[in-house]
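Me: I'm new to this one. Can you walk me through it?
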Amino acid sequence: MRSVCRTVSPHTALPGAVLRRIIALAFAVGVVGLSFGVYATEVRVTGMSLALICAMSMLVFAGGSQFAFVSVLAGGGSVGAAVVSALLLNARYVAFGASLSPWLRRSGWVEAWLAPHMLIDESAALALAQPDERLRVRAYWACGILCFAAWNVGTLLGGWLGASTLDARMLGLDGAVGAAFLAILASLMRDMCARVAAFAGAAIAFSLLPFVPTGLSVALAAAGAAMALLLPQPPRNGLRDRVGNGVSDRSSSGVGTRSSGPDAAAPRGANR
Amino acid sequence: MTLLFGILVLALGTFGLRSVGFFFGGAASRFRLQPLLALLPLSLLAALIVAQTFGSEAGLTLDARSVGLAAGGLALVLRAPFVAVIVLAALATAAGRAAGLG
């Protein structure tokens with residue numbers, strides 16, 4: 001009753017295609033973690049031991065903000081300034097958490113406490129790209145946990161091996177992350193509303209980036225979604241009436257379960 | 001502030017930001033904000049792509065990452081599978097960087 005159609009049986013695990021995507025993302029996260037470990041040890045901030053660097057990767061688990069934290073300190077900034085600039089980068093998690101919450105909120109208390117910690121760009125994006133509620137939850141946990149493991153192993157290895165290892169920039173992984181998000185975004189572009197939300201979000205980020213910290217400009221791009229909602233809406237076959245409570249028609253068309261049949265569950269380029 | 005304390009504050013603050021989103025979403029469902037929440041990832045992903053590709057200390061820059069994104073976009077248009085899109089984008093970024101694009 002909660003989603004318009006169930007496309008997987010209760011016993012289905014994650015499809016191989018989704019798992020392959022998760023492994024690819026986790027690999028990229030691991031290499032970035034490796035370069036974080038290298039960077040954080042090589043800049044030699046006073047008092048920044050390998051143990052502390054690894055503890056940070058465990059407790060913070062947010063790549064961009066960890067790089068920002070260390071680079072502010074390396075640039076001679078105070079610990080307070082480092083914390084503030086790192087937290088500004090993480091402001092986007094508020095919005096990502098909000099868009100995930102309809103599917104992830106009803107779990108036990110261990111999961112309830114662990115779920116927010118597994119929230120990174122990769123896990124959120126991959127989960128939201130899944131057509132079905134159950135798949136979304138599984139993809140979120142699988143991606144979050146694998147990326148967490150990869151991030152921490154990467155950090156440890158990088159800090160341990162030092163500058164002799166290859167870094168993520170040399171491998172071009174900083175460019176690949178954007179492309180990975182583009183692939184996920186493309187699979188979510190179902191209707192006009194979705195396109196407007198995406199283009200508005202990109203435009204907002206473009207115009208704010210020169211003036212506002214990166215994480216904040218991404219968080220503020222959430223206004224793009226509101227803009228898309230202001231568009232005049234064509235009628236939608238009465239789907240809204242049928243769904244009633246819970247997930248409304250536009251929420252399902254935006255991220256997943258709108259039409260029927262297995263093909264609708266695998267939008268163009270989504271799960272190959 | 002000592003380093004350890006700073007890291008703990010960052011960890012707690014980050015957890016707080018992540019949790020606020022989850023909590024807000026629960027509240028939002030009571031106020032019929034789900035259409036908004038459904039469109040949110042699209043705006044955020046698009047913004048993330050822009051920030052990831054063009055963001056820099058100085059604001060906006062055009063460097064090897066743009067080449068990678070373009071290559072990834074092309075691969076997507078040609079319907080390449082996900083992993084191929086990532087690998088091609090990484091290769092293109094690395095090549096652009098090796099060619100001196102920064």
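Me: How many residue pairs are in polar contact across the interface of chain B and chain A?
Reply: Nine, counting pairs with both residues at pLDDT 80 or more. Keep in mind that this is a predicted model.

Me: And how many salt bridges are there between chain B and chain A?
Reply: The count is one. Asp174(A) pairs with Arg97(B). Their closest N and O atoms are 2.7 Å apart.

Me: Which elements of chain B supply the side that touches chain A?
Reply: α1, α2 (34–54), β2 (59–60), α3 (64–77) and α4 (82–98). Each gives at least two residues.

Me: How many residues are in contact on each side?
Reply: 65 in chain B and 92 in chain A.

Me: What area is buried between them?
Reply: About 6,700 Å². Carbon and sulfur atoms give 79% of that.

Me: Which residues of chain B lose the most area to chain A?
Reply: Arg18(B), Phe22(B) and Phe82(B). Together they account for 13% of what the chain B side buries.

Me: New topic: the surface. Which residues make the nonpolar patch?
Reply: Met58(A) and Leu59(A) from one chain, Leu4(B) and Leu8(B) from the other. The patch covers about 350 Å².

Me: Which helices supply it?
Reply: α2 (50–59) of chain A and α1 (3–30) of chain B. Each supplies at least two residues of the patch.

Me: Where is Leu4(B) found?
Reply: In helix α1 of chain B.

Terms used. Residues numbered from 1 in each chain as written. Chains lettered and ligands numbered in written order. Predicted model: local features only at pLDDT ≥ 70, side-chain atom pairs only at ≥ 80, totals over all residues. Heavy atoms only, no water. Patch = residues over 30% accessible without salt bridge, like charges linked within 9 Å, V, L, I, M, F, W, Y side chains within 5 Å. Areas by Shrake-Rupley, 256 points an atom, 1.4 Å probe, with all protein chains shown as cover. Salt bridge = Lys/Arg side-chain N within 4 Å of Asp/Glu carboxyl O. Helix = DSSP H or I, 4+ residues; strand = E, 2+ residues; numbered from the N terminus. Contact = heavy atoms within 4.5 Å. Buried area = accessible area lost by both parts, 1.4 Å probe. Polar contact = N/O pair within 3.5 Å; in protein donor to acceptor, adjacent residues only side chain to side chain.
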